[in-house]
Amino acid sequence: MPKAAASSRFAPTLQAPLLTLKDCTVKSLPPLLGATKTQLTDWVQAQGQPAYRGQQLHQWIYQKGARSLLDITVFPKQWREMVADIPVGRSELHHRSEAQDGTVKFLLRLADGQIIETVGIPTARRLTVCVSSQVGCAMGCDFCATGKGGFLRHLACHEIVDQVLTVQEDFQERVSNIVFMGMGEPLLNLENVTAAVRSLNEDIGIGQRSITISTVGIPGRIRQLAEYDLQVTLAVSLHASNQTLREKLVPSAKHYRLEALLADCRAYVERTGRRISFEYIVLAGFNDRTEHAFELAKLLRGFQAHVNLIPYNPINEVDYQRPTPQQLQAFLQVLQRQHIAASIRQSRGLDQDAACGQLRASLAESVG
Ligand code: SAH
Ligand code: SF4
């Protein structure tokens, strides 16, 4: 796709009708979060305000944490009151829990009452946010709490951006990295996810290279993502070293065979010049035998790839086993001896239901 066409889809549109006191209704405008500085400036100017108010609006919603236009004290009081009902697009904090290792899980309540999960993961030099891209997920992977709950809806651009602002405000620290590894399949919500990536990059200042989009693989969508010419990292959730094993874990694999998925990954590397991460959830006694490691190494030979081994975090509905550190290490060593770059993903926040969608699921249970 030509670049111009991609970038017009890349930015969300913010209609800017001229507002009067009478017709200033909330429903006529999308939330402001996710809009570019230019769009915000156009919007304030359409209402007879000077252009610099657009710059101020941008700063207040992206940096100063304004949740309502009434919060923006530098605006004239009369105009502030007139546009008070225009939503900024912030979600409400429903629940917060902090694990012993400093990881914080947030349940956020969206405007329609739906609940999503976001995680803030601090390390010595980084603050990473794990964001959700959908309410629930339609893909139904067998080991995943989100998948077990089914799909409800896509998240809008502002609902993704809000998650990052929430973590940044809670930690009172700049977010350095973002991973789309919370609830949902980001490539099924490509338009809103790429719009959010633009906003996180340009409006909040997070480098595209510090943003990772994780996918289980959707036919056609990896090539489509490549056409946006982003500098983000793509993580592909492989989880198995052959087609039969993968179909047992990932139902959609039946309609998107490993060969086709890997061919699309190769095309992505060629087009973007970016290395791909392959995620491999390690289920003891299921996909962690020595022959699986050799098979995986063979599958990825010659690829610009890095393998992340993710030890399974037990969820209620299924009885897969978490591997021991020794089992993980043995699998890792086979890969490394076969010259495949690989590492083990540290589990964070285990005492607070670390697995994707798990906190939301367990709270729903305890609530009834
Ligand atoms: N839908 C996308 C992104 C969200 S899931 C995808 O599947 O890639 C993000 C990651 O969470 C995936 O790599 C998935 O393997 C991992 N995950 C889900 N359930 C898990 C569990 N019970 N234990 C460990 N990792 C899990
Ligand atoms: Fe969806 Fe990812 Fe969970 Fe699979 S692992 S059900 S794709 S969120």
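Select helix H3, residues 52–62, which is mostly covered, with eight of its 11 residues buried. Buried means under 20% relative accessible area, whereas exposed means over 50% and partly exposed lies in between, with a 1.4 Å probe and protein chains only. Helices (H or I, at least four residues) and strands (E, at least two) are DSSP runs, numbered from the N terminus.

This is a predicted model, in which local features need pLDDT of at least 70, side-chain atom pairs count only at pLDDT 80 or more, and totals for chains, interfaces and linings use all residues. Residues are numbered from 1 along each chain as its sequence is written, chains are lettered from A and ligands numbered from 1 in the order in which they are written, and side-chain values use heavy atoms, with hydrogens and water left out.

Within H3, colour the buried residues, among them Arg-53, Leu-57 and Trp-60. The buried residues of H3 pack against helix H2 (37–46), H6 and helix H7 (190–202).

**Helix H6**

Next, select H6, residues 157–171. Because 13 of its 15 residues are buried, H6 is largely enclosed by the rest of the structure. The end C-alpha atoms of H6 are 22 Å apart, which agrees with the 21 Å that its 15 residues should span at 1.5 Å a residue; the expected span is 1.5 Å times one less than the number of residues. Gln-172 follows H6 and has a positive phi, near 50 degrees.

**Ligand 1**

Now select ligand 1 and the 21 residues around it, of which Phe-143, Gly-184, Ser-214, Ser-237 and Asn-313 come nearest. Here, a residue is near if one of its heavy atoms lies within 4 Å of the molecule or strand. A nitrogen atom of ligand 1 lies 2.9 Å from a backbone N or O atom of Phe-143. In the side chain of Ser-214, an N or O atom is 2.7 Å from an oxygen atom of the ligand; for the side chain of Ser-237, the corresponding distance is 2.6 Å. Strand S8 (211–215), S10 and strand S11 (305–311) each give two or more residues to the shell.

**Ala-284**

Finally, select Ala-284, in the loop between strand S10 (276–282) and helix H11 (290–300). Ala-284 counts as buried because its relative accessibility is 18%. Which residues does Ala-284 touch, not counting residues up to four places away in sequence? They are Gln-321, Arg-322, Pro-323 and Gln-327, where contact means heavy atoms within 4.5 Å. The C-alpha atoms of Ala-284 and Gln-321 are separated by 5.2 Å, although the two residues are 37 residues apart along the chain.

Technical notes
A polar contact is a pair of N or O atoms within 3.5 Å; within protein, one must be able to donate a hydrogen and the other to accept it, and residues adjacent in sequence count only if both atoms are side-chain atoms.
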